[in-house]
Amino acid sequence: MTAPATSFELLPGAAESPVLLHVPHSARAIPDDVRQGVLLDDAALERELDHITDAHTAQIAEQAAASAGVRPWRFVNRLSRLVVDPERFPDEREEMLAVGMGAVYTRTTHRGELRAADTDPEPLVERYFRPYARAMTEAVAGRLAATGRAVVIDVHSYPTEPLPYELHAAGPRPPVCLGTDAFHTPPELTEAARKAFAGCGETGLDSPFAGTYVPLGFYGRDARVSALMVEIRRDTYMTEPGGPAGPGLDRLASALAALVDAL
């Protein structure tokens, strides 16, 4: 499984835009040497990628950026989250360690074995996680320097039916879930998102997924950095699991562009 030349990419927007669309989980690529540490056979790995990948979210962000009045910046992960998950804490603060899904996963979405339980995560964290975190920190710092503020919009998707790995699967699963943070998500940002996505069905808050992504250098420290996670239920725009996009994708991209324009 050949990997792209770069593991992530910062795609410039307008100089005056404070908005950074972050797409961390849209890719399926796994470098060959990393693949060797995955215990699944090729068919099982493809099935796992179908379940774990936020398919077509990079396309949603790309279309939104192209149609926004002021083009936002985009930071896109070009590797699968099965290599490293850049949105996890790389230490014991990460609650997903309980199901083998810290920064380096050892278990699958169905709680099967993905890597050996005693896998040392540090080589992959050093090779992929830390450079990604540094680059995201620099991207946010760039928006702050240019505009005095930064707005990180995380673009994700989630399955219609809960997967066994989910820790908070009992709550509502609306067409659009908005993940918030008490420090970094001001009420006006949440309200702008609710308005922008109103035509895409019901929006809910922090269920089934909660929180936002802010680089740790700013997290809980710099209120000039605001953040919102947009979790789109997959049946609204694609065939599950891992299938093609449908007509709903264009509607969601337009809604995301409307949110960008509101910011």
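Modeller: A residue is called exposed when its relative accessible area is over 50%, and buried when that area is under 20%. The structure under discussion is a predicted model.

Biologist: Which residues of α5 are exposed?

Modeller: Helix α5 spans residues 187–196, and its buried members include Leu189 and Thr190. The exposed residues lie on the other side of the helix. They are Pro187, Glu188 and Lys195.

Biologist: Within what arc do the buried residues of α5 fall, seen down its axis?

Modeller: The buried residues of α5 are Leu189, Thr190, Ala192, Ala193 and Ala196. They line one face of the helix, because their directions, viewed down the axis, fall within an arc of 160°.

Biologist: Which helix is among the elements that cover the buried residues of α5?

Modeller: The cover includes strands β4 (150–158), β5 (176–179), β6 (203–205) and β7 (225–233). A helix is also part of this cover, spanning residues 248–262. That helix is α6.

Biologist: At roughly what angle do the axes of α5 and α6 cross?

Modeller: The axes come within 8 Å of each other, and α5 passes α6 in a right-handed crossing. Ala192, Ala193 and Ala196 of α5 make the contact with Ala255, Ala258, Leu259 and Ala262 of α6. The crossing angle is roughly 145°.

Biologist: How are α3 and α6 oriented to each other, oblique or roughly parallel?

Modeller: Helix α3 (residues 57–67) packs on α6 with the axes 8 Å apart and at an angle of about 50°. An angle under 35 degrees would count as roughly parallel, and 65 to 115 as roughly perpendicular. The two helices are therefore oblique.

Biologist: With which residues is Gly248 in contact, leaving aside its neighbours within four places in sequence?

Modeller: Gly248 lies in helix α6. Its relative accessible area is 5%, so Gly248 counts as buried. Beyond those sequence neighbours, the contacts of Gly248 are with Thr236 and Tyr237.

Biologist: How many residues apart in sequence are the parts tied together by the pair of Phe8 and Phe75?

Modeller: The structure holds 4 aromatic pairs. In one of them, Phe8 and Phe75 are stacked, at 5.4 Å centre to centre with 20° between the planes. Phe8 belongs to strand β1 (residues 8–11) and Phe75 to strand β3 (residues 73–77), so the parts joined by this pair are separated in sequence by 67 residues.

Biologist: Which class, stacked or edge-to-face, describes the rings of Phe75 and Tyr132?

Modeller: Phe75 and Tyr132 are both buried. The ring centres are 5.0 Å apart and the planes lie at 75°, so the pair is edge-to-face.

Biologist: In which helix does Tyr132 lie?

Modeller: The pair of Phe75 and Tyr132 links distant parts of the chain, 57 residues apart. Phe75 is in strand β3, whereas Tyr132 is in the helix of residues 122–147, which is α4.

Biologist: What is the relative accessibility of Phe8?

Modeller: Phe8, Phe75 and Tyr132 form one aromatic cluster. Phe8 counts as partly exposed, because its relative accessibility is 22%.

Note on methods. Residues are numbered from 1 along each chain as its sequence is written. This is a predicted model: local features need pLDDT of at least 70, side-chain atom pairs count only at pLDDT 80 or more; totals for chains, interfaces and linings use all residues. Side-chain values use heavy atoms; hydrogens and water are left out. Buried means under 20% relative accessible area, exposed over 50%, partly exposed in between (1.4 Å probe, protein chains only). Helices (H or I, at least four residues) and strands (E, at least two) are DSSP runs, numbered from the N terminus. The arc is that of the directions from the helix axis to the C-beta atoms. Contact means heavy atoms within 4.5 Å. Rings of Phe, Tyr and Trp (its six-membered ring) pair if their centres lie within 6.5 Å; planes under 30 degrees apart count as stacked, over 60 as edge-to-face and the rest as tilted. Axes are lines fitted to C-alpha atoms, for helices over the stretch in contact, and angles run from 0 to 180 degrees between N-to-C directions. Angles under 35 degrees count as roughly parallel, over 145 as roughly antiparallel, 65 to 115 as roughly perpendicular and the rest as oblique. A crossing is left-handed if the near helix is turned anticlockwise from the far one by less than a right angle, and right-handed if clockwise.
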